[in-house]
Number of protein chains: 2
Amino acid sequence: MCGIVGYIGTKEAQGILLEGLSKLEYRGYDSAGLAVYNGETIGVRKAKGRLSNLEDKLAVHSLPGQLGIGHTRWATHGKPSDENSHPHVDNAGRFAVVHNGIIENYLELKEELIASGHQFTSETDTEVIAKLLAELWNGDLVSTVQQVVSRLEGAYALGIISEYEPDKLVAVRLASPLVVGVGEGENFVASDIPAILKHTRNVYILEDGEMAVLTADKVTLMKVDGTPVQRETMRVNWDIATAEKGGYDHFMLKEIHEQPKAIRDTLASRTKNGLVDLSKEISLSKEEIQNIEKIHFVACGTAYHAGMVGKYVFEELARIPVECDVASEYRYRNPIITERTLVIVVSQSGETADTLAALREAKKQGARVVAITNVVGSSVAREADDVIITWAGPEIAVASTKAYTSQLIAIYLLGVYFAQVRGHKSAAELQEIVTHLQELPGKAEQVLKLEKSIESFARSIAKHQNLFFLGRGLDFAVALEGSLKLKEISYIHSEAYAAGELKHGTLALIEENIPVISLATQKSVYDKMVSNIQEVKARGAHILGLAVEGDTELRKSVDEVIRIPATIDLLTPVLAVIPLQLIAYYACVERGYDVDKPRNLAKSVTVE
Amino acid sequence: MCGIVGYIGTKEAQGILLEGLSKLEYRGYDSAGLAVYNGETIGVRKAKGRLSNLEDKLAVHSLPGQLGIGHTRWATHGKPSDENSHPHVDNAGRFAVVHNGIIENYLELKEELIASGHQFTSETDTEVIAKLLAELWNGDLVSTVQQVVSRLEGAYALGIISEYEPDKLVAVRLASPLVVGVGEGENFVASDIPAILKHTRNVYILEDGEMAVLTADKVTLMKVDGTPVQRETMRVNWDIATAEKGGYDHFMLKEIHEQPKAIRDTLASRTKNGLVDLSKEISLSKEEIQNIEKIHFVACGTAYHAGMVGKYVFEELARIPVECDVASEYRYRNPIITERTLVIVVSQSGETADTLAALREAKKQGARVVAITNVVGSSVAREADDVIITWAGPEIAVASTKAYTSQLIAIYLLGVYFAQVRGHKSAAELQEIVTHLQELPGKAEQVLKLEKSIESFARSIAKHQNLFFLGRGLDFAVALEGSLKLKEISYIHSEAYAAGELKHGTLALIEENIPVISLATQKSVYDKMVSNIQEVKARGAHILGLAVEGDTELRKSVDEVIRIPATIDLLTPVLAVIPLQLIAYYACVERGYDVDKPRNLAKSVTVE
């Protein structure tokens, strides 16, 4: 996963490209680079590390010119380094390329190109593209690019310039996102809209297998085989200011605090008179909903944890058997899909490569697909049969918070909607759930008021290298998410366990004073959970218990307790996760790491 | 598998026999018994359960005398009970016999003996031997034993005494181990050396088809047809602790090395002519197998990881959708069960409390239940509708090894058996799988030859507190098991990840030099796996790759590589897990912990 930008026009490219990259750092930030054509040759500057390192280099040796491409990298092939940074060039320096994605057959191509005399300077898969451009050069840039692309296997978005035709910028998309911005006397390409929003609000969103040829005055779209493509530009109405930190120290903390609003917005206009109405979003007929035989939740990371809650929701409310799969596993395990299978994919960005590929596989095999995503117009949203948008707003911090709770709300809404049709629960029972759903934004605000005491616990565990989360049932699903948050930003090796499973091996790791965060919010397994807490207590663990308001029992078995407002068991995950997000946040702050940009991770994972 | 001992001399036999049995409990411990000649008659005491139960009985009613035999049982034919315990006697009580092994033609002999007026009190195969001794008695013990043996088919070791010739103890060996200990004025027989090592270090090791006739002063060896055998005694230099473990330092290492035999025994007699035949064990009719709509695997710990392999096996071979659940979660999550649901529970001991409770819940809701267990007559075996026994023999080390690989074999057998009925695969494809199954014992032996290089890797990682296992598909299931082994005994915080999921958060924990054990044995996801390996390599991880013989590619992406013999993807887990077991073992040894009894854990978890 990486971010790419490109500019062609009459202004100096360098500043425009750098500013664009700064808006794409959420896609990767372990190194960056620019290539700009100066009227005679292509100059290249690259630097390992944050974008500021590149800016420092350019402050000394700038790159003049009005045609250029830029890149901010998240390493896949080859470690972050100057050499592995993009753009990559051929040996004569006549072609430069930036790339997002993976070229799967690069080893084979590399051997072939080495045999033809090309010399490689990086460990990347990308460099073969630059060399191939030189190798296959036929006097016409567009046609050469088409030939190069025909040799590539994998997923990619490309931006290409050449000394030979310095009036052109060529962009290609296969499975990695790419947009073209249309200006006046200038045009742009970028991995995402914010990178070009300062310059234009008129964009084309490239689809798979399409390419764009930009001159300063014109944008021509075509398929990679040359077939012309006609499309209207789309007008973007977003406000850049929504992406500001709003007074918080970090985007993550801001986004944690935005959860009451995100929950409220995601619920809004979808419930009335105690009923859920998704008929505008879900095109499935009542009969089709009745006929669903099984549901597959497919997602990655945090969204996968939302899917785990979904398993309980749909099995409980609609009595439909649910499997919940990690997307990267699902697509390769030959899942059993029939036309009565509903696949629900969950992805904040809507561009998660594994999830998108799973969606395509499921559709190919005849499944109906519903997407839950935070990004209108994202690949997942476009390709699913139906979409439920989570109205969480842009999420900038790499560690997802408000997207998760909004995904849960979307899942509850869909679950109740199906339950209304399938009739396994009475109208009164479902109305009660809707009432409780509507109380969640207010209760989430109450949880946020516990911030000070949570901060104090979080700072106390920051010195540990290992800890555990325990829970049963829905608490286990939430424990997994809390544990992931902590790993992502604090780098503490945390692991979540189904509390009853711990004694089948992992209990061996429990030693004196190790912190164990134990969730005990589920009434149906409360006593069993307390027994499991005793097991770790007996081995000397230091236990934080997460209980529901009014619970005076748990305090007797744990060292510290946090109590969240009461709701029904099924909806508790929305409230229970918030203290865990805050624990991760403050543990990270205490350890002094970069909250919003954890090492090795990118916001939206658009490679497999 | 059972343990037998015998004594003839001038000391009281009871104490010597009991002490001998205590050294043989690793061979079985579900019931025990003694028979001692008191100068007039043979007295017998037997008790279900651990040896201490028998000792309690003997404390009240002892067995005086200087000639006796003893037995500690691991049930095969007939559940553990007082009646089924050995020794067995004829109706007049003149002969007593202890037996290790299986008499294959016992049903036929039993009918014949019943017709002759003998009354049977047990469900065992052994009892026919006692009755046959009485039936064929010809006035000479040695010659009578030879006649009895000529009627027996199967594998056995026997110890026999008789009131008629109380100066003799007769021992016979066919395919089950038996040693004779030579003392001064006393002699001994036993299944294994540790049982007699306190009394003598001079032993004969009986060979197949041999018998020994012991008096207090003399040992005579012969073939079962009477041909004399001349052999020198062997001098044993082991200490008792080593001897108990068959020369290995720990039971876990011994059990890792017993896997080729456990696999072979679990396969034996269940395959013929390229077909799997479980019709004696599985009472489901063809129609019932056809009608299965879904399968739930339910288990804990290592057995749960076997169930995860089961998901692939049944979805792939029989196209039945499978859910795999942790037992402690399953029973409380209100699973959707119909009468067309098959629940497969897996438990080494057959007494795992969570698994047993889940079995009962499933039966209550109308599911059919098949159990895979290592213990005949265990609670799980008794309560399930059908049982497949894994013939791994008693597993003593807390960290399960041979039970896991045997469970896999049972799962493959059942999967192929279902596939034969359901017809999703051709007969030729299934036969090929059976052929590959039969090659596994030999290939497992080859894996064990890699021990030295695995040991060296394991010792090198022992200083780390954290590490990761990665795999995709079946490799992920094996990675989970490898990771659990390491946690259980070395207390390294190890975690297994689906390789494609790592970048969705946990990649943040990958830092310079952290060990990552990466499994790349599955052809279908090999390229994707290599890409994931590049991702962790780029972050500085030290990578051990697990590949299949003939793979020369992986070495380029990893720091060290171990290659296991090639088989089909589906069966690879049986071989892939063995190096991971050895890594856990040697990492534990290097760290100086107690391999066989890790802290906080018990062998069989009979509490929730």
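The model is predicted: local features need pLDDT of at least 70, side-chain atom pairs count only at pLDDT 80 or more, and totals for chains, interfaces and linings use all residues. Residues are numbered from 1 along each chain as its sequence is written, chains are lettered from A and ligands numbered from 1 in the order in which they are written, and side-chain values use heavy atoms, with hydrogens and water left out.

**The sheet of chain B**

Keep chain B in view and colour β7 and β8, which pair in the antiparallel sense over four bridges; two strands count as paired if DSSP finds at least two bridges between them. A hairpin of six residues joins β7(B) to β8(B). Strand β8(B), residues 169-174, has five of its six residues buried, so the rest of the structure largely encloses it; buried means under 20% relative accessible area, exposed over 50%, and partly exposed in between, with a 1.4 Å probe and protein chains only.

Now select β6(B), residues 95-103, and β7(B), residues 154-162, which pair in the antiparallel sense over nine bridges. Within this pairing, Gly101(B) stands opposite Tyr156(B) in β7(B). Helix α4(B), residues 127-136, packs on the sheet and touches β5, β6 and β7 of chain B, its direction making about 135° with that of β6(B); contact means heavy atoms within 4.5 Å, while axes are lines fitted to C-alpha atoms, for helices over the stretch in contact, and angles run from 0 to 180 degrees between N-to-C directions.

To see the whole sheet, show its six strands, which form an open sheet in the order β5-β6-β7-β8-β12-β13 of chain B with antiparallel pairing. The edge strands are β5 (88-89) and β13 (219-223) of chain B, each of which pairs on one side only.

**Two helices of chain B**

Return to α4(B), where seven of the 10 residues are buried, so that the rest of the structure largely encloses this helix. Among the buried residues of α4(B) are Glu127(B), Ile129(B) and Leu133(B), and what covers the buried residues includes β5, β6, α3 (106-115), α5 (141-151) and β7 of chain B.

Then move to helix α2(B), residues 51-60, whose buried residues are Leu51(B), Leu54(B) and Leu58(B). They cover an arc of only 60° around the axis, which puts them on the same side of α2(B); the arc is that of the directions from the helix axis to the C-beta atoms. On the other side of α2(B), Asp56(B), Ala59(B) and Val60(B) are exposed. The cover over the buried residues of α2(B) includes α1 (13-22), β2 (31-37) and β3 (42-48) of chain B.

Select His305(B), which is found in helix α10(B), residues 301-317, and counts as buried at 8% relative accessibility. Leaving aside neighbours within four places in sequence, His305(B) is in contact with Tyr404(B), Ala477(B), Leu480(B), Glu481(B) and Leu484(B).

Continue to Ser557(B), in the loop between β25 (542-548) and β26 (560-564) of chain B, which counts as buried at 8% relative accessibility. Not counting residues up to four places away in sequence, Ser557(B) touches Val530(B), Ile533(B), Gln534(B), Lys537(B) and Ile543(B).

**Backbone details**

Most residues other than glycine have a negative phi, and most peptide bonds are trans. In chain A, select the peptide bond from His86(A) to Pro87(A), which is cis with omega near -5°; Pro87(A) is in the loop between β4 (67-73) and β5 (88-89) of chain A. In chain B, the peptide bond from His86(B) to Pro87(B) is cis, with omega near -5°.

Asn273(B), which is not a glycine, has a positive phi of about 50°, lies in the loop between β15 (271-272) and β16 (275-276) of chain B, and counts as exposed at 71% relative accessibility. Asn513(B), also not a glycine, has a positive phi of about 75°, and is partly exposed with a relative accessible area of 47%.
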